[in-house]
Amino acid sequence: MKRHFGASGGGTVRAVDGVSITIGRGEVVGLVGESGSGKSTVGRCAVRLDEPTAGTVHINGTDVSHLSRRALRPLRKDFHLVFQDPSSSLDPRMTVGQIIAEPVRLHRYARGTAVRERVEQLLGQVGLRPEHADRHPHELSGGQRQRISIARALSCDPDLVVADEPTSALDVSVQASVLNLLADLQRDRGFGCLFITHDLAAVEYLADRIAVMYLGQIVEQAPTAELFASPKHPYTQALLSAAPVPDPVVQRSRERIVLHGDLPSPLDPPTRRAAATPAGGATGSVFDGCRFHTRCPLVTDRCRTEVPALREIPGGRQVSCHLVTDDGTAPDAAA
Ligand code: SF4
Ligand code: MG
């Protein structure tokens, strides 16, 4: 899937450039990477709040990539996005009950008095009381507001929930309880979940599988335990080396790898050069080399000229780095 934007100053922002993710029913896929790597854009395309420029988004086998708003409407009950900041995603003029009831009514999930019952049931499931239905969002705490967003997202039993940094706008003291709630509900309901975060402890706890994004592309994908035990891509190694070790008994004696420089702009990824203009054709541009080469501690000449393909390695993993061998042997970026 690709999502490119026309930049105001000209040029193309390649926010998402060839990302492919499959989320199975009941599966939690973590999407990690620095701010600006394109994670949120992937999430927005996955629930069709944004339209991919190329490629497709399938939900339950239906290609929803380019459906009109109208055609999407009946399908919207199947997928939902939980935003980072509940304060901006909940309509302040509506009561909590109205907020949760809206999709229930819209998708005819329940009618008449059953709507209120459904609202109260959902409030209970997210740890709130029936009385909360008559309050307005501003009367609630940040954690309670995020519980409301979750209740709304789950109101019509979706198949896919995209949670984009669902706790990062919350007080540290309530982050764990909201994450636990999401984890419990996911296990009970069995919906697929794309969990977007830069909180590595949270993703290790919640995700079955993790995809690591760098500058609009996935550079590594692996089952969670394997990724943490042996990250293969130098960028993943750097990312995990910066994470606090939550359990001191688990000795992850990993040296911190400090990356120099900022994330390059997706408007002008490293080693962009004009492509040869095909006779009579339009001028295009291509990218050479590894996108991580400007910051990679292990960079070689080859990395500057040849794009490393995302390829399968043993253990149900994928990685894009020239230095990782086909049997999965990887160099240590900290060495
Ligand atoms: Fe680093 Fe080269 Fe591997 Fe890219 S391909 S991650 S620059 S070693
Ligand atoms: Mg984001």
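Ala, Val, Leu, Ile, Met, Phe, Trp, Tyr, Cys and Pro count here as nonpolar, Asp, Glu, Lys and Arg as charged, and the others, Gly among them, as polar. This is a predicted model, where local features need pLDDT of at least 70, side-chain atom pairs count only at pLDDT 80 or more, and totals for chains, interfaces and linings use all residues. Residues are numbered from 1 along each chain as its sequence is written, while chains are lettered from A and ligands numbered from 1 in the order in which they are written.

**View 1. The shell around ligand 1.**
Ligand 1 is surrounded by 14 residues, and the closest are C290, H293, C296, C303 and C321. A residue makes it into this shell if its C-beta atom, placed from the backbone, lies within 6 Å of the ligand. Sorted by class, the shell holds 10 nonpolar and four polar residues, with no charged ones.

**View 2. The protein chain as a whole.**
Step back for a moment and the protein chain shows 11 helices and 14 strands. These are DSSP runs, with helices being H or I of at least four residues and strands E of at least two, numbered from the N terminus. Of the 335 residues in the chain, 38% are buried; that label takes 20 or more other C-beta atoms within 10 Å of a residue's own, whereas exposed takes 12 or fewer and partly exposed is in between, with C-beta atoms placed from the backbone. Take the contacts between residues at least 6 apart in sequence, and 61% of them join residues at least 24 apart. A contact here puts two C-beta atoms, placed from the backbone, within 7 Å.

**View 3. The eight-stranded sheet.**
This one is an open sheet with mixed pairing, and its eight strands come in the order β6-β7-β8-β3-β9-β10-β14-β13. At the edges sit β6 and β13 (311–313), each of which pairs on one side only. From one strand to the next, the twist averages 20 degrees. Helix α10 (residues 234–241) packs on the sheet, where it touches β3 (28–32), β9 (209–214) and β10 (217–223), and its direction makes about 105 degrees with that of β9. For those angles, axes are lines fitted to C-alpha atoms, for helices over the stretch in contact, and values run from 0 to 180 degrees between N-to-C directions. Strands count as paired if DSSP finds at least two bridges between them.

**View 4**
All five of the five residues of β3 are buried, so the strand is largely enclosed by the rest of the structure. V28, G30 and V32 point one way, and V29 and L31 point the other. β3 runs parallel to β8, joined by four bridges, and here G30 has F195 as its bridge partner. β3 also runs parallel to β9 through four bridges, with V32 partnered by V212.

**View 5**
β6 pairs with β7 in the parallel sense over four bridges, and H80 stands opposite V161. On to the next pair: β7 and β8 (residues 192–196) are parallel over five bridges, with I196 as the bridge partner of D164.

At 1.5 Å a residue, the 12 residues of α6 (residues 142–153) should span 16 Å, and the end C-alpha atoms are 17 Å apart, which agrees. That expected span is 1.5 Å times one less than the number of residues. α6 is mostly covered, with nine of its 12 residues buried: R145, Q146, R147, I148, S149, I150, A151, R152 and A153. They pack against β6 (79–82), α3 (86–89), α4 (96–106), α5 (113–125), β7 (160–164) and α7 (172–189).

**View 4. Y109, between α4 and α5.**
Y109 lies in the loop between α4 and α5. It counts as partly exposed because 16 other C-beta atoms lie within 10 Å. Leaving out residues up to four places away in sequence, Y109 touches K77, V104, R118, S155 and C156. Y109 and D157 are 48 residues apart in sequence, yet 9.2 Å apart in space, C-alpha to C-alpha.

**View 5. D50, between α1 and β4.**
D50 lies in the loop between α1 (39–46) and β4 (58–59). With 18 C-beta neighbours inside 10 Å, D50 is partly exposed. Beyond residues up to four places away in sequence, D50 touches R3, T41, R44 and C45.
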